[in-house]
Amino acid sequence: MAAAPDTAKSDHLRPNSKPNLESLMNSTMNRRVTVLALAVAALTVTACGGGSSSTTPASPPTGAAPGPTTPTAATTPGVWKGTISSTTTGQSASVVALTRSDGHSVWMTTDGRVWSGQVPMTGDHFNATFSGHMYEGAHFPDGTNHGAASMMIDHHSASTTSGRYTGSGDAGTFDMVPSPMWIRPTSLGTVAGVYTRTTSNGYTMTMTIGANGQLTGSDSRGCVINGTVDIPDPTHNMHRIDATVTSCGSLDGHYQGMGTLVDADAMTDWMTAMHPLEHGGHSHGGMMGGSHGMGQNTVPTGQHNLFMFSMVNGQNAIVDALAR
């Protein structure tokens with residue numbers, strides 16, 4: 001997310017002449033009388049119009065300084081990071097929101113919640129309806145894994161966004177700030193590489209993004225992902241994902257999502273807290289962060305090396321963060 005220069009001119013004196021104080025005072029008084037007379041005449045004309053009337057504003061004189069412009073409303077696209085707190089459960093988690101330049105937004109939390117929906121491209125406050133997903137090893141407060149949520153953005157500017165949410169038996173507040181990593185230019189060459197994540201008990205996920213945008217990946221449980229990555233806007237650090245997951249039980253299906261290449265150094269808190277997926281009540285640390293039963297995530301360091309992504313379909317959401 002200047003005042004006009006002073007155009008008043010002083011009286012010019014003839015070279016080598018001395019100012020006559022009485023003449024200057026008389027001249028100044030004459031000008032003030034003239035201005036006052038013009039103002040009274042203008043008020044008299046307005047008062048005599050009778051009833052309502054419309055007046056066409058006069059055009060500014062040629063060469064006059066332009067007046068102040070209306071500031072542009074803060075835009076919503078970007079990479080946003082902050083905290084979301086439930087007033088229902090008393091729990092708090094880190095949240096990252098990825099919002100594309102077309103207003104499509106995905107919010108993901110370290111405790112496994114994912115919301116996706118459409119937000120206005122600009123505005124200082126607005127409401128949005130999102131679809132919510134929770135991994136199968138847990139559930140929302142009403143016992144479900146999927147449901148609608150209302151996001152009420154009470155304040156949005158170039159430096160912060162905050163508001164409230166309700167849905168699936170839950171309610172709470174959130175606060176986020178934009179990441180400067182959003183304005184980094186990107187390309188398929190920039191994001192290409194081999195990315196991995198491991199946990200302390202041996203779970204591993206590996207994903208490769210080719211310089212041609214081809215995406216392939218698998219984890220140590222046997223889940224397989226194939227798809228493509230493309231660049232909607234090379235001036236901003238956001239990547240569009242289209243992929244299919246197979247050999248992964250109920251997670252099988254076609255997904256669409258977004259990813260961003262960020263600094264692992266800036267996401268240490270996220271990697272430390274991220275929960276692995278629990279599927280069917282059995283922890284296996286699948287493609288979505290880490291659970292207590294799977295040990296702790298490795299926490300990488302570095303810059304331009306952590307690919308965070310989220311993919312959703314009508315039934316499920318997959319979130320992960322892998323480092324190269």
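A residue counts as buried when its relative accessible area is under 20%, as exposed when it is over 50%, and as partly exposed in between. Keep that scale in mind while walking through this predicted model.

Start with Ser-247. Its relative accessible area is 51%, so Ser-247 is exposed. Ser-247 lies in the loop between strands E13 and E14. Its backbone deserves a look too. Ser-247 is not a glycine, yet its phi is positive, at about 55 degrees.

Now compare His-304. This residue is also not a glycine, and its phi is positive, near 55 degrees. His-304 sits in the loop between strands E16 and E17. Its relative accessibility is 39%, so His-304 counts as partly exposed.

E13 covers residues 239-246. It pairs with E12 in the antiparallel sense, over seven bridges. On its other partner, E12 runs antiparallel to E11, and five bridges join the two. E11 and E12 form a hairpin with four residues between the strands. There, Gly-222 takes a positive phi near 110 degrees.

Thr-228 in E12 shows how these strands line up. Gln-214 stands opposite Thr-228. In E13, the bridge partner of Thr-228 is Asp-242.

Finally, turn to the aromatic rings. A pair of rings is described by the distance of the centres and the angle of the planes. The whole structure holds five aromatic pairs. One of them joins Tyr-195 and Phe-307, with 5.7 Å from centre to centre and 45 degrees between the planes. This pair is tilted. It links distant parts of the chain: Tyr-195 is in strand E9, Phe-307 is in strand E17, and they are 112 residues apart.

Are these two residues buried or exposed? Tyr-195 has a relative accessible area of 0%, so Tyr-195 is buried. Phe-307 is also at 0%, and therefore counts as buried. Elsewhere, ring pairs link Trp-107, Phe-130 and Phe-174 into a cluster.

Note on methods
Residues numbered from 1 in each chain as written. Predicted model: local features only at pLDDT ≥ 70, side-chain atom pairs only at ≥ 80, totals over all residues. Heavy atoms only, no water. Pairing = 2+ DSSP bridges. Phe/Tyr/Trp six-rings, centres within 6.5 Å; stacked < 30°, edge-to-face > 60°. Buried < 20%, exposed > 50% of the residue type's maximum accessible area, 1.4 Å probe, protein only.
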